[in-house]
Amino acid sequence: MRANRVAGDAGEPGDPGSVLWSGFPARKVGLVGAPVGLQPSKYVQGKWRDGEFGQTRAAGLQVVHDGREVAFRLEWECARPVSVVRDNDEFADAAALLFPLSESAPLMMGAEGAPVSLWHWRADRGKAARVNVAEGIGTSRLQGRAVGVETQAVHAGGRWSVVFRRVLAPQGAGPETVSFAVGGRYRVAVAVWSGAGSERAGLKAFSPEWVELELEA
Ligand code: HEM
């Protein structure tokens with residue numbers, strides 16, 4: 001898909017409700033439940049073997065950039081939003097974008113020596129996304145010196161829409177930071193957690209195929 005270039009004064013891409021977004025069709029991304037057999041804990045495998053998780057079946061993805069910043073807008077159906085958590089058996093809605101940090105990084109949380117970068121929004125946290133690095137299932141950790149990814153989220157009409165926004169190429173970006181250039185080609189995958197369905201960590205819906213992305217010159 002194409003990340004359309006927008007003029008700096010075209011609207012506010014950081015706002016998921018901005019009129020700017022209505023000008024670009026969303027790419028429909030199919031989601032499936034993360035395989036229960038890949039869950040790293042035997043307890044989780046046993047408890048969720050027949051359980052239903054990964055209930056979110058699809059998300060809409062839009063991407064724009066203005067030559068300085070890139071903004072990803074993800075939208076999905078969520079009839080029972082959870083953005084406040086009162087106990088440790090309650091879970092908030094969440095979404096994440098996954099970017100390979102090396103050519104060979106597998107979509108499923110990366111692999112040893114082939115890391116992925118994760119931008120993670122959670123409805124019960126503030127606007128700053130957590131940026132994680134993972135080299136395989138069960139290895140995700142906060143990235144040190146991560147460059148700020150800002151999020152803004154709205155739940156309306158039974159749907160979440162969340163924008164993730166960051167400068168294209170952060171200064172001094174190391175190998176753990178995904179860097180974008182105008183005209184460049186990238187891959188991205190998405191995951192969505194439904195808090196009402198007790199989804200968290202490996203229990204989630206994810207896009208099993210890469211979305212190819214080209215930043216319009
Ligand atoms: C598009 C694909 C995916 C994305 C964007 C993604 C994203 C993430 C993020 C952001 C976290 C950290 C969660 C937190 O700190 O609460 C996480 C954790 C986890 N993910 Fe994924 N994930 C993806 C695919 C998968 C798949 C297919 C599995 C297979 C079971 C999986 C298993 C796990 C597990 C077990 C954890 C918890 C342990 C850890 O933090 O490493 N993920 N994932």
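Does Ser198 count as buried, exposed or partly exposed, and how many C-beta neighbours does Ser198 have inside 10 Å? With 16 C-beta neighbours inside 10 Å, Ser198 counts as partly exposed. The legends below describe views of a predicted model.

**Figure 1. Overall view of the protein chain in the predicted model.** The protein chain contains one helix and 14 strands. Its radius of gyration is 17 Å, close to the 17 Å that the globule rule gives for 217 residues, so the protein chain is as compact as a globular protein of that length. The C-alpha trace spans about 50 × 40 × 30 Å along its principal axes. Of the 217 residues, 40% count as buried. Among contacts with a separation of 6 or more, 63% are made by residues 24 or more positions apart.

**Figure 2. The shell of residues around the ligand.** The ligand is surrounded by 25 residues, and the closest are Leu98, Ser140, Ala189, Ala201 and Gly202. Four strands, β6 (94–100), β7 (116–122), β8 (130–134) and β12 (185–193), each supply at least two residues of this shell. The largest share, three residues, comes from β12. By residue class, the shell divides into 17 nonpolar, eight polar and no charged residues.

**Figure 3. Pairing of β7 with β6 and with β8.** Strands β6 and β7 run antiparallel and are joined by seven bridges. Within this pair, Leu97 stands opposite Trp119 of β7. Strand β7 also pairs with β8 in the antiparallel sense, over five bridges. Here His120 stands opposite Arg130 in β8.

**Figure 4. The loop between β12 and β13 (205–206), with Ser198 and Ala201.** Both Ser198 and Ala201 lie in this loop. Most residues other than glycine have a negative phi. Ser198, by contrast, has a positive phi, near 60°, and the phi of Ala201 is likewise positive, near 50°. Ala201 is partly exposed, with 16 other C-beta atoms within 10 Å. Ala201 is also listed among the residues closest to the ligand. Ser198 counts as partly exposed, as stated in the opening.

**Figure 5. Ala34 and its surroundings.** Ala34 is found in the loop between β3 (32–33) and α1 (42–48). What places Ala34 in the buried class is its count of 23 C-beta neighbours inside 10 Å, as the cut-off for a buried residue is 20 or more. Leaving aside neighbours within four places in sequence, Ala34 is in contact with Gly54, Gly202, Leu203, Lys204 and Phe206. Leu203 is 169 residues from Ala34 in sequence, yet the C-alpha atoms of Ala34 and Leu203 are 6.4 Å apart in space. Gly202, another of these contacts, is listed among the residues closest to the ligand.

**Figure 6. Arg166 in strand β11.** Arg166 lies in β11, which covers residues 159–167. With 22 other C-beta atoms within 10 Å, Arg166 is buried. Beyond neighbours within four places in sequence, Arg166 is in contact with Glu69, Val70, Val147, Gly148 and Val149. Arg166 and Asp124 are 42 residues apart in sequence, and their C-alpha atoms are 20 Å apart in space.

**Figure 7. Strand β14 between its partners β1 and β12.** Strand β1 (residues 2–5) pairs with β14 (residues 211–215) in the parallel sense over two bridges. In β14, Glu214 is the bridge partner of Arg2. The pairing of β12 with β14 is antiparallel and extends over four bridges. Arg185 likewise stands opposite Glu214 in β14. Strand β12 is also the source of three residues of the shell around the ligand.

Methods: Residues numbered from 1 in each chain as written. Predicted model: local features only at pLDDT ≥ 70, side-chain atom pairs only at ≥ 80, totals over all residues. Near = placed C-beta within 6 Å. Nonpolar A, V, L, I, M, F, W, Y, C, P; charged D, E, K, R; others polar. Pairing = 2+ DSSP bridges. Rg over C-alpha atoms; globule rule 2.2 N^0.38 Å. Buried ≥ 20, exposed ≤ 12 C-beta atoms within 10 Å, placed from the backbone. Contact = placed C-beta atoms within 7 Å.
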